[in-house]
Amino acid sequence: MGDAQLSADGAQIAWVQTALDRDLDRPVTNIMVAPSEGGAPRRFTEGPGDSTPRWSPDGRYLAYLSVVEDSPALHLAPLAGGVPLRVKAPGPVSFLAWSASGHALVLVVTVIAEPPAADGPSRESAPKVVRGLLNRLDGRGYLAGRNQLFIYTVADGSLRQLTTGDYDHSQPCWSPDGSVIACFSNRTRQRDDDLLFTDLWLIPTAQGRSRKAVSRVLDGSEPAFSPDGKQIAFLGTVGSARPLVGRNQRLQVMPADGSDQPMPVAADLDRPITAGLSGSAYTWISNRELLFCVADHGTISMQRARLGERLPRTVVTGDRQVMGVSVARRGKTLLAAFTATWVDKPTEVFCLDLDAENGRARRVSDAGRGVLDAFELLPAKRLSARARDGKEIEYFIISPRSGERPPPMFLEIHGGPQMWNPLDPVFYSYQVLAAAGYAVVLPNPRGSIGYGEQFAMAVNEDWGGEDYHDLLACADDAIRRGLADEDRQFVGGYSYGGYMSAWIIGHTDRFRAACVGAPVIDLVAEFGASDAGPWLAEELGGDPWDPSGVLQERSPLKHVPNVNTPVLLYVFEGDLRCPPDQADALYTGLRWHHREVEYVRYPGGSHMSIADFGAPPSQSEDRLNRILAFLAKHGGVKTGRAAVATRPARKRRKPNA
């Protein structure tokens, strides 16, 4: 569930709801709508692949994307009633934004200049030309064509191409008067080789020349004009100061006429602006003030700041992760809509009066009621350990409600490394392990975001260094507190978590078994095989052609002969971020050295298939059942099939955010 959007009059909220369809064996999405002041939600679309709801400013339509024949297309649903209109475009639509008048939308459409071949058997055999270092993207495949901007005019149904050229455009937004569209685009000669930087462009919607407003924006995204059109905000870091990886995602504001340089909002805030994996990370709430989401100590809070203020003021905080914000006025009341979740609280949509002192958010959706009535979601406790150099390392622990004391430990390592625990996409995986009787330890070692920029960058050029010791310090601390059994320790993780799991078992035998998902095992091979290979080299500061460099030295493959821990290894075959050949290398190395290893490859998917709602339910169930069986085989809890702890049905009070 995510991407909560208020209608222009503040009366309704639309959002995307995800479910698992067991008959289709796939995740499905549809759009839900509910009154912002309370009332039963209703299904607005039927799915199975609907997303990106956006209300027209004039209150006439709800636009959204819906997958038709495996290609997302724009649909316009008239709010007065009638059948939604499908807008035909010359390629898949990946983004949409309304003009302030509601008369038009700007779309991002992938356009392939030349069809690969004529219709017929030869079409599937046509060659694919690979371009640059940025030639593939996990979840999409090898890239073809360019992302161009199109303007769709509602009145006459016309579709006009606004941009051309052999370069991509992303995340366009309109100026309030409709005369200019801002977007990010890299039009330099290095555009297909530059993974991290892009430029902010201002493109006239009628006649005139496009103008580059800001050059070299690190991780640039989400441009948005102020309500009066005099300023423009965006996310990103301006400049090329190294290290590049691990820097806080900052919110910048500059004059729309380019008369001054971008300046960070809440400049003294040493935390990244992020909405997790869903929705917009910020929005303007006046010409001088913005509302935004901030990652902090495993949570994501909502905060606000006026231009010129050095620090923001908290709006929504506590143990929750706020994902995405939108605002609208309901009469004289300024409302904010957002989704929020936590380890023991399913994702729900909330509405908040921003004008009220100490206002409480009102829950609008009701998706989690069935889960909370049927299952006992266990809470996470926040603790901290001392690293070997004395630095404080925070971790969370989800303790089983019953079973052996102390319980066996499962040390769950997050991905990234610039991510955090607990991680929303895998909350239910934690709950399955805890329900089975494991103390689930969720560390935030060096490299995790939400603890300051220096902490996030501390892992650069040091994978398998102090982060390794941080992880073990958290495990040791849980044991010292009597929260986990020293004699039954297990470890696992996915992506960077898979890398660290493989690294750990190459350096210690303390864990009885390891569950390694989508690992990076050979950093040199990963450089050329991953869609993020150049980013990896930037993070580690290594040259793949240096035979004694950091990429060779810090590759877990080098330490496979030292592994004595039994390994369960799994990967999705469609993964382009941590490709299956990395898991192949680990499996082959372990078998070559006669070590115990079980290897499972799941057909299709992508790197994000690890998410609770990211893979076919049959695959998710199989993965969790295999993990529990493997742990039980090596001294873990003897348990049945994967499940969250059940409890008798009971009445529940309506919760607040």
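**Note on helix packing and an antiparallel sheet**

1. In this predicted model, helix α3 passes helix α11 in a right-handed crossing. The two axes, of α3 (residues 427-436) and α11 (residues 617-633), come within 11 Å and cross at roughly 35°.

2. The α3 side of this contact consists of Ser429, Val432, Leu433 and Ala436, which meet Arg623, Leu624, Ile627, Leu628 and Leu631 of α11. Sorted by class, the contact of α3 with α11 has 7 nonpolar, 1 polar and 1 charged residues.

3. From α5, Asp467, Tyr468 and Leu471 make the contact with Tyr496, Met500, Trp503 and Ile504 of α6. By class, 6 nonpolar residues and 1 charged residue take part in the contact of α5 with α6, with no polar residues.

4. Turning to the strands, an open sheet is formed by 7 of them in the order β15-β16-β17-β18-β19-β20-β21, with antiparallel pairing. Its edge strands are β15 (170-174) and β21 (263-264), each of which pairs on one side only.

5. Strand β17 (residues 197-204) runs antiparallel to strand β18 (residues 211-225), and 5 bridges join them. Phe197 stands opposite Leu218 in β18.

Notes
Residues numbered from 1 in each chain as written. Predicted model: local features only at pLDDT ≥ 70, side-chain atom pairs only at ≥ 80, totals over all residues. Heavy atoms only, no water. Contact = heavy atoms within 4.5 Å. Helix = DSSP H or I, 4+ residues; strand = E, 2+ residues; numbered from the N terminus. Nonpolar A, V, L, I, M, F, W, Y, C, P; charged D, E, K, R; others polar. Pairing = 2+ DSSP bridges. Axes fitted to C-alpha atoms, helices over the stretch in contact; angles between N-to-C directions. Left-handed = near helix turned anticlockwise from the far one by under 90°.
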